[in-house]
Structure formats: C-alpha cells, structure tokens
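Me: I would like to go through a few of the labels attached to this model and see what each of them rests on.

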Amino acid sequence: MNSKYNFALINDRALQSIDSVLSRWLAGGKRQGNEYVIANPTRLDSHVGSFSVNLTNGIWCDFATGDKGGDLIALVAYLDRTKNGEACKALGQFLGIDPAIEHQSHAQHNAPPPPKQKPPSPDFEPIRPIPEGALKSCPTSIRNLGKPSQYWDYLDSDGKQILLRVMRFDNTAANGRPKDYRPFCYGKNKAGRVAWYSKAPTIDRPLYGLHKLATTPVTAKILLCEGEKAAGAAQVLFPDAVAMTWPSGSKAISKADFAPLRSRVVWYWPDNDKAGSDSIAPLRAVLGVVGVADFTPLNIKLFAQHSPSTDAASGKATLSAATDSNQWPSKADAADALALGWKAEHIELLLKNGLTGIPKQKPKPTEQSNNSDITSRYQSRPEGLYSFNSKLEKYQCVGGPLQVTARSRDKLSEGWGLLVNFQDFDGVEKTWNIPGCFLVTEGGNKAVEGLIHRGYRLASHRDAKNQLREFLMGYDTPQRVRLVNRMGWHGHNAFMLPDRVIGEPTEPLHYYNDAPSLCKTSVSGELNDWKENIAKYGSNNIFLTFAISAAFTGPFLDIQGSESFGIHLYGDSSLGKTTLLEVAASVYGHPERGEYTKTWRTTANALEGMAAAHSDCLLALDELAQIEPRFIGETVYSLCSGVGKSRATETGNNRGTQHRWRIIFLSSGEKTLSDHMAEANQKPKAGQEIRLLAICPNPHKDSENRLLLGNYEDHHSFNTGAALSDHLKAAARRFHGSPILALVEAMVATDRENLAAHLNTARENFKFEILGGTASGQAHRAADKFALVAAAGEYASQIGITGWKRGWATYAAGRAFRSWVAMRGGDGNLEDTKAINHVREMLTKYGESRFSRWESDDARIDEHAPRTMERWGFRKTVTEQDSMLGDSSENTYYLTRDGLKDMCKSFDIVHIARLLKERGALETDKEEGRLTKKVRLPGSGKKAVNCYVINLSALLIDDDSLTGEDGSDTGDHWDIPSL
C-alpha cells in the first residue's frame with residue numbers, strides 16, 4: 001500500500017511548512033537554534049530537550065529512549081502510532097496534497113527526489129502597526145486589472161488597522177479566469193523597501209471579521225466560511241453568530257492564525273464540492289491545536305432536501321420538500337443560499353432539523369479554562385467520555401461519563417490532585433480525589449486502576465486507558481477545593497461530615513483519606529421518628545439521657561476550647577451498656593458494629609486516623625477488653641492528646657501531616673481502666689482516669705431491680721429493661737443520623753460568641769451545684785467535662801431535638817458525676833485517696849503479722865508471743881466497755897520512719913502522714929507542724945523516739961456522701977440558662 005504514495009513529495013512539502021506541521025502534531029514546543037524541542041507526548045517525559053526535531057531536514061530523536069526517525073512522515077507515524085503509509089496520507093491531507101502516485105507523471109515518478117534544502121527566508125515581512133499615513137494609501141485598484149468588483153478589509157480587533165485587503169476581479173482578460181483574487185498587505189520586501197504589496201503573509205494570516213469578534217459575547221457562535229463573499233452572506237442568514245473566514249481558501253488553512261477562536265464554539269459552512277468536504281479534517285485539526293471549545297461542520301446536505309418558502313396566510317417562513325435534485329448546485333455556498341431565497345427564518349427551521357447535528361452539551365463553568373487541545377479532542381456527553389480519532393474522523397468512546405470538578409490541594413498547597421465525579425455500574429454517584437502522582441506513576445495506571453476499582457466503566461479498545469490518562473493529565477480547571485483529613489469545624493461557619501459540609505466555608509472543602517471513610521455517618525428516617533422512638537425513652541432514665549447528651553457534646557468541644565475526653569460505661573454484662581452505646585451512635589449514623597460503632601480492637605496508628613475522622617463528633621468504642629492491657633493507658637493518653645505522631649520523610653524531615661482532632665469517645669466494657677491495666681501489672685495514673693471517666697450506669701442497689709431493669713430506672717411499659725433495650729436497638733437501626741444534622745445546622749445559624757457565653761454560664765452553674773467546697777482540682781476538671789455534657793443535652797432539648805423537659809439533661813449529668821465520684825472513692829485527689837486506701841489495706845491485711853503485740857503500759861512486750869518477721873512496728877490494743885453496745889477494742893499502730901517507709905513503698909511518707917493527720921488518724925505531739933510523736937517503744941530503752949502513731953478506726957469510717965444515690969435531689973432548683 002505504501003508504494004501508492006509519493007513519500008518524497010509529501011516530505012518535501014512538509015519541510016516547506018514545517019512550522020505548521022509541528023504546530024499540528026507537537027504544539028507547545030520552542031526553537032533552540034535549528035532545533036525544535038518539546039517534551040515527548042508519547043511518554044511521561046518531564047525533561048524538555050530530550051526530544052527534538054531538526055528544522056532543516058526533519059530528522060528527529062528522543063535521546064532518552066533512543067526513538068528516532070529520518071523525516072516528518074516517520075515523526076507523524078510515531079506520534080499517531082500508525083504505519084508510514086497512513087502517516088503519509090494524514091500529512092498530505094493536512095497540507096492539502098494528494099499523495100497518490102496516480103496523480104503524477106511517469107517521469108516525475110521515476111525522477112530522483114529533489115535534494116533537501118533549507119527553507120528559503122521569507123521575501124516579504126508584514127509590518128504592524130501600520131502608520132496612519134500608509135492606511136490612507138492602501139490600494140483600491142490594480143493597473144492591469146482595473147478596479148475590483150468588490151474588496152474586503154481584514155481589520156484588527158479595534159477596527160482601525162487594515163491587516164489585509166483582498167480584491168476580487170470578475171471576467172479578467174489577463175488570465176482568462178472568470179474571477180481572480182489579489183491580496184494586499186503592508187510590509188517590506190527582501191530589499192528592505194516598505195510599501196503595500198500584492199502579497200499575503202507566509203504564516204499567521206489574519207482572520208476576516210476580527211473587529212466583529214471583539215464586540216460580541218464569548219457565548220456567540222463562530223461561523224467559518226470559505227471566502228469573504230460567503231462570510232458576508234452567512235452573516236445575514238445567521239445574525240446571532242459571527243461570520244468569519246481566512247485568506248486564500250481551503251488550500252491555505254495551515255497558514256491562517258486561528259488563535260483568536262480559542263475556547264469558542266465554531267460552526268463551519270464548507271462549499272458544496274470535494275474541496276469543501278476535504279477541508280473539514282485539516283480545519284478540525286488546526287482548530288484542535290488552537291483549543292476551540294467545539295467544532296461542528298454544518299450538514300449542508302439539508303439544503304438539497306428542503307426548499308425555502310413562505311406561508312401565504314401567516315407570512316411565516318416554512319420549509320417544503322425539495323422537488324429539484326439540482327436545487328443545491330455544486331460549489332454552492334452561503335452567498336448562493338441567499339440568492340436562492342433562503343432567509344434567517346429558514347435557517348432557524350433548518351437548525352431544528354439537524355443542521356448542526358445532535359445538540360452538544362453546554363460546557364460547564366469548570367470547563368471555561370485553558371484546556372486548549374483537550375476540550376477540542378475530548379467531549380463529555382451524557383452517554384460517556386469521547387475522544388476524537390483523527391484516523392476515523394469521528395469521536396470514539398473512552399468510557400462512562402466523567403466530570404472533572406476541581407483541582408485539589410491540602411492546607412500546605414501540596415498534594416495536588418483532580419476531583420472527579422462519575423457513576424458506577426449500579427448508578428451510584430462516586431466522587432474521588434485522584435492524587436496527581438497517580439497520573440505519572442506506572443504510566444498513569446494507578447489513576448486508571450483507582451477509577452475502575454470504584455466502578456468506572458472503561459471502554460474495551462486498547463487505546464481507552466491511554467486516552468483516559470491523557471484527558472486527565474491535560475485537563476485544566478480554575479475551580480479549587482481544599483483537602484482536609486478530619487471531620488468537624490473548619491472555621492467558625494462550616495462543619496464537615498463525610499458526605500456534606502454544613503454552613504459556608506471560606507473555600508470549598510473535600511474530605512480526603514487514602515483509606516475508606518472511617519466515619520460512617522448516615523441518615524435514615526426523620527428527626528421526629530428518632531425523637532418518638534428513641535429520645536423519649538430517656539425521660540426518667542438517667543444514664544440513657546446521659547449517653548445521648550454525650551453524643552451531642554462533640555460539636556461543642558471546639559467552641560469551648562475543651563480537651564478531648566472519654567466516658568467509660570462499665571459493669572456486669574447483659575444489663576444494657578452496649579445499648580447505651582448504640583443509642584448514642586444513632587445520633588450520627590447506623591449504630592451497628594463496623595458502621596458508626598467501632599471497637600477497641602485496633603492499632604495505635606489506625607486509632608489516630610479514626611480519631612481524626614470523628615473530630616468534633618462522637619467516637620463510639622465497644623468492648624474495652626479487646627485492647628491489650630499493656631497498651632490501654634498509652635492509648636487513652638493518645639486519644640485525648642488531640643495530635644497524632646510526627647512522622648519523618650525519607651530525608652528525616654517532619655512530614656507535617658500529623659492528624660489532629662477533638663473528640664468525645666464513649667466506651668463500654670465489664671472492667672474499669674484500672675482493672676484492665678492491673679492485668680498487665682500496671683497502675684493507672686490520675687491523668688488517665690480524669691481523661692477516661694468511668695461510670696457504672698446501673699442505678700439500682702437491690703439485686704431484684706438490678707436484674708429486672710438493668711441500666712434503666714423506667715421500662716416505659718416494656719415490662720423489663722431487656723425488652724426496652726431490644727426496642728431501642730431496633731429503633732436505632734431504623735432511625736438515625738438526623739439529630740446531628742439538626743444540631744449542627746442550629747449551631748451554624750447561631751452567633752458563635754453568644755453560644756459560647758451560654759455554654760459557659762450553663763457549665764459554671766452545674767459546677768456550683770455539684771461540687772463541694774473541699775473538692776480537688778481533679779474533681780473540678782472532671783466536673784467540667786460532665787458540665788459540658790449537661791450543656792450539650794440542654795441545648796439539644798431547647799432547640800427541639802430530644803423532647804426532654806428543661807433541666808433533665810443537667811440532672812442526669814449530675815447523677816452520672818456522683819457515680820464517678822463514688823467509683824473513685826471521693827472528690828479529692830486520686831493520689832491522696834490511693835495513699836489512704838493503701839495504708840488502710842496494709843494495716844488491715846498485715847496488722848497481725850508485721851506488728852509486734854504490745855499490751856502493757858510499760859515499754860516492753862510479751863517475750864513469749866510468736867516472733868514477728870520483717871516487723872514494721874508495734875500494735876497496741878485498747879479495750880473499752882460500754883453497757884449499751886458492749887465491749888469494743890481499738891488498735892493503735894506505732895511505726896518508726898523506716899517501718900512506715902517499708903510499708904508504703906512508692907509513696908511519699910511525709911505526704912501520707914499529712915493526709916493521715918487531716919483524716920484524724922494520726923496522733924502527734926502538741927507542737928504545731930509535727931507529724932510524729934515521741935514514744936518509749938519496746939526495745940528503745942529509757943529514751944523516747946519519734947514514731948508515727950496511727951489509729952486504724954479513723955480510717956474505717958464510711959463516707960456516705962460517696963454513694964451519690966440518695967435520690968433526693970431532682971435538680972429542679974438548678975439554674976438552667978435559656979438560649
């Protein structure tokens with residue numbers, strides 16, 4: 001097949017027009033001496049210069065890969081991935097030359113190809129701008145042809161400069177042709193003489209109608225015609241379009257400058273002949289390089305199928321079926337249509353009959369960008385993404401519909417990518433942020449694989465993958481979104497959830513994580529459904545109310561600047577702890593494990609991502625026993641710190657991508673934190689137990705109600721607590737997600753400073769009512785967290801989410817706080833409580849074995865008593881007689897400094913002595929500030945020694961205030977601020 005084409009002729013002509021050829025196949029490069037350099041478009045080459053074309057002989061080479069060729073036909077074949085014969089045909093079509101040998105003489109066929117020569121320098125150079133005096137001297141006639149029958153001025157955009165004047169001469173005797181055209185341009189010749197010459201510029205010839213283009217909106221259609229006369233007639237038939245043309249007709253398409261048409265929608269009216277139909281492909285190619293928004297040739301066959309007419313009754317334009325097969329003659333153009341009676345009204349009817357083919361989708365605002373070649377070669381239609389195949393002269397399907405909505409980047413303006421939308425095979429809308437690095441690694445396979453993994457429909461032909469990658473790589477859009485890796489507040493007016501942003505962010509936000517979304521919020525049912533089937537059962541049920549209030553607390557953490565914290569619900573199994581957890585989770589989404597509810601069974605790194613994904617929300621973690629006991633303490637600290645680990649890059653620098661969050665997490669399990677840590681021989685620190693507040697949610701003292709009602713006080717006609725739990729679990733799976741939307745929407749619409757002031761008032765009132773005058777700083781910190789839960793529950797109630805009476809959420813939080821106090825042994829510092837408990841435990845457990853019995857008043861002991869091993873001190877028993885209560889005894893323990901130090905290892909014995917004195921359990925001398933007492937101990941001779949004298953009975957007094965279950969305080973008198 002290749003033998004049918006004259007390769008030498010095509011290569012020679014291509015060298016003469018090498019600038020146009022390179023603009024068509026390798027647009028965007030630059031000259032470096034005698035070389036044209038550009039990044040190789042067939043591979044992901046970021047180094048401009050490794051691929052170059054010699055402008056003198058057309059030899060090209062990619063020095064990075066070794067690909068090379070000896071002429072421009074080989075270059076086109078390489079770029080289009082076709083054979084040389086097809087490349088020769090495409091190049092000849094672009095140049096307007098028929099490459100077939102049959103069109104050449106036998107002598108020409110056998111003649112050796114002409115030697116390759118350097119393209120001659122231009123013998124004429126246009127001058128811009130044209131001096132005002134020269135404009136007035138522009139020729140209006142030619143000596144040997146006389147005055148033209150018509151002439152057209154190619155004006156610049158402001159309509160003042162005559163860039164080119166084209167004259168038409170009819171019935172000229174000079175050459176015997178029926179018509180002749182002569183261009184005139186102002187410039188200088190080889191000799192340097194400046195004047196008007198009957199020449200057109202060699203390249204970048206101006207378009208006819210630039211002054212009209214400059215004064216019309218960008219949405220106006222552009223109608224290109226072959227010739228100035230046709231353009232004038234087309235302007236009459238298409239009054240809303242801008243009719244334009246280029247100099248010298250279809251054979252000079254590559255010499256015209258179509259750049260002003262960038263991003264425009266272009267229609268083309270070719271002449272009704274072979275030259276007109278052949279001009280469509282090269283014109284499409286050139287306009288594709290320019291970057292027009294769309295190119296559509298008119299279906300001129302319709303002019304032969306219809307006749308223009310006018311309705312006699314109404315005077316309206318109509319179309320009738322053509323009766324004369326020759327009514328649309330050969331070579332006919334717009335001027336002929338006007339002469340044949342066509343009017344603008346007839347053209348409107350013809351447009352409805354498909355004059356421009358199937359109507360195209362209007363480009364979206366995101367497509368109004370510098371997409372250049374991409375938007376002309378690719379079309380996003382309702383049925384899919386299409387790419388123009390220059391060999392087939394038609395658009396070819398790449399895959400399903402794909403919309404690029406924005407370019408994305410993180411808060412550091414790094415991690416750039418493309419945000420795309422599409423539908424998977426089930427019709428589910430998908431949004432994916434494609435990291436930019438996916439487009440350049442492994443030939444773009446990671447981007448294509450990611451789309452297919454998410455259900456994108458890719459066409460089956462072998463070019464589809466490369467076309468998709470090319471579309472994504474070349475697409476540009478001015479739209480921007482900011483990538484964020486945490487939920488919750490972003491600024492004061494925007495709250496992010498996985499599927500939406502509530503409020504008005506300062507810029508569009510998109511949640512992005514390289515793993516599937518960990519925060520699975522979802523909505524099922526209306527808010528009233530959730531209120532009637534779930535929230536109303538919080539009435540008269542303290543801990544159900546408290547769990548729901550805790551779920552509402554997350555969005556308030558940022559407003560109050562509060563630290564993250566957790567609430568751990570512990571106790572016997574099957575009493576309703578998991579139900580409380582699931583009801584709280586239903587505020588956000590489906591409560592089932594694996595959906596919104598998570599488990600403690602995870603790694604530290606995964607927990608960071610999980611916390612960030614639930615920032616300013618609730619994190620529900622079931623079954624504390626599933627985490628290793630030796631890790632639980634560190635994990636609690638990590639969750640409450642709000643900052644993930646710093647991680648290094650390959651060079652050792654900080655990545656700067658730490659997770660950050662503020663959360664409240666609700667936990668459940670059968671054991672407390674301290675019990676769980678004890679399994680690994682660890683003791684919890686006070687800070688850990690203040691961050692994870694342990695509550696036993698069972699309010700019953702008697703076993704019967706404990707088993708019957710579980711963690712509830714009112715079964716609400718369900719007969720048992722288990723039946724109420726079953727109802728709540730089923731209802732939570734049916735109705736969920738709407739409460740958090742209602743809460744955040746109300747918060748976004750509320751003035752942030754006023755809301756913060758309201759919360760502060762509610763919290764201070766709570767702490768005033770709940771704390772005693774001797775409460776420690778640790779109790780104050782814990783009470784502040786319970787106060788925030790109370791304030792969140794009251795806020796949700798006052799805006800109509802829960803249906804609870806005013807003050808009920810506060811009362812429930814108060815009862816929960818008392819339960820926490822009872823669990824830890826008082827509202828003092830935990831370290832102090834542990835120290836006193838340790839002394840009591842040691843004296844109770846080892847009072848007989850570690851202390852020698854001292855019965856007499858003298859400083860001597862019974863030498864016949866069993867010997868005390870590893871003695872801490874002495875024990876004296878005093879018996880008292882009481883006629884009403886009977887005899888009683890009290891033990892007093894005498895310890896030297898070394899004995900107390902040995903008994904209280906790992907404690908500060910001076911601090912312990914002060915605590916014992918405050919409790920009235922330590923006897924001291926009357927001297928102020930002393931913690932010891934001088935006593936003559938057995939074995940110390942006549943000299944009294946300093947020792948610690950401890951009365952055990954003072955340490956055995958019960959503190960009834962720790963139970964918190966008196967039930968007398970309903971909270972009705974508490975001051976609950978109104979919104």
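Reply: The side chain of T245 reaches the backbone nitrogen of G227 at 3.0 Å, and a polar atom of that side chain lies 2.6 Å from the backbone oxygen of C225; bear in mind throughout that the model is predicted.

Me: Why is T245 called buried?

Reply: Buried means under 20% relative accessible area, and T245 counts as buried because its relative accessibility is 0%. The residue is found in the loop between β12 (242-244) and β13 (265-269), and, leaving aside neighbours within four places in sequence, its contacts include Y154, L207, Y208 and A231.

Me: How do you know that the buried residues of α26 line one face of the helix?

Reply: The buried residues of α26 (721-734) are G721, L724, S725, H727, L728, A731 and A732. Seen down the helix axis, they fall within an arc of 165°, so they line one face. The face turned away from them carries the exposed residues A722, D726 and R734.

Me: What do the buried residues of α26 pack against?

Reply: They pack against α17 (527-533), α18 (542-553), α20 (577-585) and α25 (703-709).

Methods
Residues numbered from 1 in each chain as written. Predicted model: local features only at pLDDT ≥ 70, side-chain atom pairs only at ≥ 80, totals over all residues. Heavy atoms only, no water. Helix = DSSP H or I, 4+ residues; strand = E, 2+ residues; numbered from the N terminus. Buried < 20%, exposed > 50% of the residue type's maximum accessible area, 1.4 Å probe, protein only. Polar contact = N/O pair within 3.5 Å; in protein donor to acceptor, adjacent residues only side chain to side chain. Contact = heavy atoms within 4.5 Å. Expected span 1.5 Å × (residues − 1). Arc of directions from axis to C-beta.
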